[in-house]
Amino acid sequence: MEGASYQRFPRVKIRELKDDYAKFELHDTDASMANALRRVMIAEVPTIAIDLVEIEVNSSVLNDEFIAHRLGLIPLTSQRAMSMRFSRDCDACDGDGQCEFCSVEFHLRAKCISDQTLDVTSKDLYSSDHTVVPVDFTDSAGYESSEQRGIIIVKLRRGQELRLRAIARKGIGKDHAKWSPAATVTFMYEPEIHINEDMMDTLTLEEKQSFVDSSPTRVFDIDPNTQQVVVVDPEAYTYDDEVLKKAEAMGKPGLVEIYAKEDSFIFTIESTGAVKAYQLVLNAIEILKQKLDAVRLSEDTVEADDQFGELGAHMRGG
């Protein structure tokens, strides 16, 4: 209908929020928007990771390439990643990727001088920028500092040494997984479960228990007081249809009806620690808005070309 608006105003309800974990509900939108947000969080939110390694001395059992790969996978705190420049776009260093605007320098020097094995970890990386350092998992893991000293890079025995210089740069998960800020991002349709109470009353207690046990996850249970089947955790339902098949096998089709709410989603996010979970969501929304603005600008440009022809292209310098 002419003049009709299909604009939606999505709502978010936060269920649980930690530094590296978030769970929230997203309402009044559709699967395309939910999946776009998930994909942006995984592949397009920028972080900082080691991208260039210059090894001066390496007498360890691991070769240079192996150590460089392990260094690249160490998550670095990336709160300033959104404001940093991509090295390919940096005019301060002509794309060399080794200036303060687009990179951070790290140094590592370790040598084993005793008979005890020396663990070289992410804590031994010294950064030129105090805001970009290896993520500290000590608190979240519940270890004391004496028990956990960071992510192990290599182990050295007496006389072995490792000295290197590393350059960390801004990047996105689409280019390499080491830049992805998300360990996992999932969403599911919020299930809506309705039990036909009249039909359920015709079942014996053993049949009710058999129905409850047919679900691989604990979605249903029997109320000890009323002996009625109740829904205890609708979100545990994995859309496996086992309870529906059980109802049909019992000759009771329609005993339970399960629908997926088409405009309601439950997100679960686990961060690598490079970016806090809540910041990961906010950054993804900002990037998604930028992408939508680019599409809108592109449509306006095409419309101008259609309206003004060669004059519109000439005004843009085309």
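Biologist: Is F267 buried or exposed, and what is its relative accessible area?
Modeller: This is a predicted model. Buried means under 20% relative accessible area. F267 falls under that cut-off and is buried, because its relative accessible area is 0%.

Biologist: Which residue forms a stacked aromatic pair with F267, at 5.0 Å centre to centre?
Modeller: By the pairing rule, the model holds six aromatic pairs. In one of them the planes are 5 degrees apart, and planes under 30 degrees apart count as stacked. The partner of F267 in this stacked pair is F24.

Biologist: How many residues apart are F24 and F267?
Modeller: F24 lies in strand β2 (residues 21–27), while F267 lies in strand β12 (residues 256–271). The pair thus links distant parts of the chain, and the separation is 243 residues.

Biologist: Which residues do ring pairs link into a cluster with F24?
Modeller: F24 is itself buried, with a relative accessible area of 5%. Ring pairs join F24 to F267, and the cluster also takes in F187, Y189 and F265.

Biologist: Why do the buried residues of α5 line one face of the helix?
Modeller: In helix α5 (residues 205–213), the buried residues are K208, F211 and V212. Seen down the axis of α5, they line one face because they fall within an arc of 100 degrees.

Terms used:
Residues numbered from 1 in each chain as written. Predicted model: local features only at pLDDT ≥ 70, side-chain atom pairs only at ≥ 80, totals over all residues. Heavy atoms only, no water. Phe/Tyr/Trp six-rings, centres within 6.5 Å; stacked < 30°, edge-to-face > 60°. Helix = DSSP H or I, 4+ residues; strand = E, 2+ residues; numbered from the N terminus. Buried < 20%, exposed > 50% of the residue type's maximum accessible area, 1.4 Å probe, protein only. Arc of directions from axis to C-beta.
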